[in-house]
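Colleague: I am new to this structure and would be grateful for a close look at a single part of it.

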Amino acid sequence: MMSRNRLTGALGRGELVRVLPDLYSLAMHTDSRQVRARAASRWAPAGSAVTGRAALVEWGVLGEGAEEVGLVVPRGCHRSVVPWLHVTSQTVPCERFDAGAGLTLVGPADALIHAFAREPHRTRADLVYRACANGVSAERAIAHLDRLPRARGRRALLGMLGLAAKGVESYLEERAVTRVFTGDAFASVILQHRVRVAGQSFRIDAFHAKSGTAFEVDGDGSHSDAAAQRRDRRRDALLATRGVLTVRFSFVDVMNRPDWCRAVALDVLKRRST
């Protein structure tokens, strides 16, 4: 599209910028995650693929915001030449998918495993539960981890994936399941149970069928405004018409007073089961 002289001039004026060796972009697009991911995929050696958060964004699992591009390459090809590119060298090959326009991706399960390894501890739970809620198979990710005994953060990721497979969808719910609804008394509790009352479908965080008790853990954001509280009261009233008692625990209590929440829940089950 350009003569050699025009290309040379564009480079000299900074209109074209090198993204990776032998790969250039218009200067205004060099910070784009799409441009960087495609450049990394074209630059990488055979058998490589884009992974991590960048791949999860490409799969539609996460929204935009992946500044770093992850790249998994065959063992012995480890190299990273720019700050925004993180290269993982791996002996076990990943499934690779052609996304078009020169972009090769690992599958969502492998992308989550590599993203988790780079994720700060404070946001790891949000990453896993959001990814699983948006289509990443927790069971498939667990199976892939079986092939990667040295994966960074493997034990923590297996724990979260196991909870996600049971229906946990947030760190608050993880906290409730591991600190509140634990022990033999809660063995028959069903997580994320769906019920239909008066033509309306509701999802219960934790349902104890024998006693007809619905436990809800209310996040700070999703249950705090007046409209949400009205919806919650109407929902609780409709469930009560079928004999279901709703017990709600606040974000603060689940996070800071889990033993108190557990004691209350046990007392409710004891009294409603007699």
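Colleague: Which residues in α4 meet which residues in α5?

Modeller: Please bear in mind that this is a predicted model. Leu-112, Ala-115, Phe-116 and Ala-117 are the residues of α4 in question, and they meet Arg-124, Leu-127, Val-128 and Ala-131 of α5. Sorted by class, the contact of α4 with α5 has seven nonpolar residues, no polar ones and one charged residue.

The geometry of this pair may be described next. Two packed helices are described by the angle between their axes and the distance between the axes. For α4 and helix α5, which covers residues 124-133, the axes come within 10 Å and cross at roughly 165°. An angle over 145 degrees counts as roughly antiparallel, and α4 is therefore roughly antiparallel to α5. The crossing in which α4 passes α5 is right-handed.

Helix α4 also has a contact with α7. Here α4 spans residues 108-118 and α7 spans residues 154-166; their axes come within 10 Å and cross at roughly 125°. The two helices are therefore oblique to each other. As α4 passes α7, the crossing is right-handed. On the α4 side the contact is made by Leu-112, Ile-113 and Phe-116, and on the α7 side by Ala-156, Leu-157, Met-160 and Leu-161. This contact divides into seven nonpolar residues, with no polar and no charged ones.

The one charged residue belongs to the contact of α4 with α5, whereas the contact of α4 with α7 has no charged residue.

After α1 comes Gly-14, with a positive phi near 80°.

Elsewhere, aromatic rings come together. Five aromatic pairs are counted, a pair being rings whose centres lie within 6.5 Å. In one of them, the rings of Phe-181 and Phe-215 have centres 5.1 Å apart and planes at 40°, so the pair is tilted. Phe-181 lies in the loop between α8 and β8, while Phe-215 lies in strand β10; the two are 34 residues apart, and their pair links distant parts of the chain. Both Phe-181 and Phe-215 are buried.

Conventions
Residues numbered from 1 in each chain as written. Predicted model: local features only at pLDDT ≥ 70, side-chain atom pairs only at ≥ 80, totals over all residues. Heavy atoms only, no water. Axes fitted to C-alpha atoms, helices over the stretch in contact; angles between N-to-C directions. Helix = DSSP H or I, 4+ residues; strand = E, 2+ residues; numbered from the N terminus. Parallel < 35°, antiparallel > 145°, perpendicular 65-115°, else oblique. Left-handed = near helix turned anticlockwise from the far one by under 90°. Contact = heavy atoms within 4.5 Å. Nonpolar A, V, L, I, M, F, W, Y, C, P; charged D, E, K, R; others polar. Phe/Tyr/Trp six-rings, centres within 6.5 Å; stacked < 30°, edge-to-face > 60°. Buried < 20%, exposed > 50% of the residue type's maximum accessible area, 1.4 Å probe, protein only.
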